[in-house]
Amino acid sequence: MTNFEEPINGTINYLFDPNILEEIDWSKIKCNFQNGVSYKKPGDGLVVRPLRDDDIHRDYLLLMSQLTKVGIVTEEQFKKRFEDMKRCEGTYYILVIEDKSTNKIVGSSSLIFEQKFIHSAGQRGRIEDVVVNGDYRGKQLGKLLVQLLVLLGELLGVYKLSLECKHDKVGFYENFGFAKDDQAFMIRRFIEKN
Ligand SMILES: CC(C)(COP(=O)(O)OP(=O)(O)OC[C@H]1O[C@@H](n2cnc3c(N)ncnc32)[C@H](O)[C@@H]1OP(=O)(O)O)[C@@H](O)C(=O)NCCC(=O)NCCS
């Protein structure tokens, strides 16, 4: 058990083992955090932890709706998707920030690993779905989530990390060592962009 939280009713079902976060080498951070903000001290009443199977009750999907269209997702669908992800060991790392004073998820970001034969049977990582609740922006939480996932990717041995973002977010991601390169990003959509 880590210092993130104690079980209240029964077992806590995390998407991945929270102890991995303890192994992150925080001295490797690439950006500056003011006021001693770190993953152990994200802010008053806040905790950083892996997604849990009951976070649908902590407004996780409402938070995601600040990023994109979520659609209708039942609790059953949420739990099934969670378990499907969890079964793919070493693949899905969704980090969230919970405000313990309101029991709401106020930030989230995902790191997804893609297993390869190339690069000596290596793995690449993709950062996805970075979002902080509008009431909590500007408090270094987005930076904290992305920085943690970059360090986690490094810890777990990716040969590269990539992400797609809107042009106005390029400066944000440059904070962590991401850079634009000469490759084109191509996409074919099967549903309309909202
Ligand atoms: C992008 C987002 C996650 C940032 O989260 P946040 O918690 O408000 O950001 P932080 O407080 O951690 O700020 C991070 C730093 O990046 C800087 N920053 C923020 N947006 C930036 C941008 N577009 N370009 C350059 N720098 C930026 C901030 O000035 C801050 O710098 P500082 O610490 O030196 O003052 C948040 O605005 C959000 O959820 N937006 C809506 C969803 C979204 O667009 N997600 C990104 C999808 S690619």
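**The ligand and its surroundings**

Guide: Glutamine 147 has a relative accessible area of 0% and is therefore buried (buried is under 20%, exposed over 50%, partly exposed in between, with a 1.4 Å probe and protein chains only). The model is predicted, so local features need pLDDT of at least 70 and side-chain atom pairs pLDDT 80 or more, while totals for chains, interfaces and linings use all residues. Residues are numbered from 1 along each chain as its sequence is written, and side-chain values use heavy atoms, without hydrogens or water.

Glutamine 147 belongs to helix H5 (helices are DSSP runs of H or I with at least four residues, strands are runs of E with at least two, and both are numbered from the N terminus). A polar atom of the glutamine 147 side chain is 3.0 Å from the backbone nitrogen of lysine 30. This is a polar contact (N or O atoms within 3.5 Å; within protein, one must be able to donate a hydrogen and the other to accept it, and sequence neighbours count only if both atoms are side-chain atoms).

Helix H5, residues 141–155, also takes part in the shell around the ligand, where it supplies at least two residues, as do strand E4 (123–132) and helix H6 (170–174). There are 18 residues around the ligand, and those that come nearest are Val130, Val132, Gln140, Lys143 and Asp168 (a residue is near if one of its heavy atoms lies within 4 Å). By class, the shell consists of 8 nonpolar, 5 polar and 5 charged residues (Ala, Val, Leu, Ile, Met, Phe, Trp, Tyr, Cys and Pro are nonpolar; Asp, Glu, Lys and Arg are charged; the others, with Gly among them, are polar).

Lysine 143 has a side-chain N or O atom 2.5 Å from an oxygen atom of the ligand. At glycine 138, a polar backbone atom lies 2.9 Å from a ligand oxygen. A ligand nitrogen is 3.3 Å from a polar backbone atom of phenylalanine 172. The ligand taken alone exposes 930 Å², and 69% of that is buried by the protein (Shrake-Rupley areas, 1.4 Å probe).

Phenylalanine 172 leads on to the aromatic residues. Rings of Phe, Tyr and Trp (its six-membered ring) pair if their centres lie within 6.5 Å; planes under 30 degrees apart are stacked, over 60 edge-to-face, and the rest tilted. The count by this rule is 8 aromatic pairs. In one of them, phenylalanine 172 and phenylalanine 176 are edge-to-face, because their planes stand at 80 degrees, with the ring centres 5.4 Å apart. Phenylalanine 172 is partly exposed, at 26% relative accessibility, whereas phenylalanine 176 is buried at 3%. Both rings are part of one aromatic cluster, formed by Phe172, Tyr173, Phe176 and Phe178.

Strand E4 also holds glutamate 128. Glutamate 128 has a relative accessible area of 30%, so it is partly exposed.
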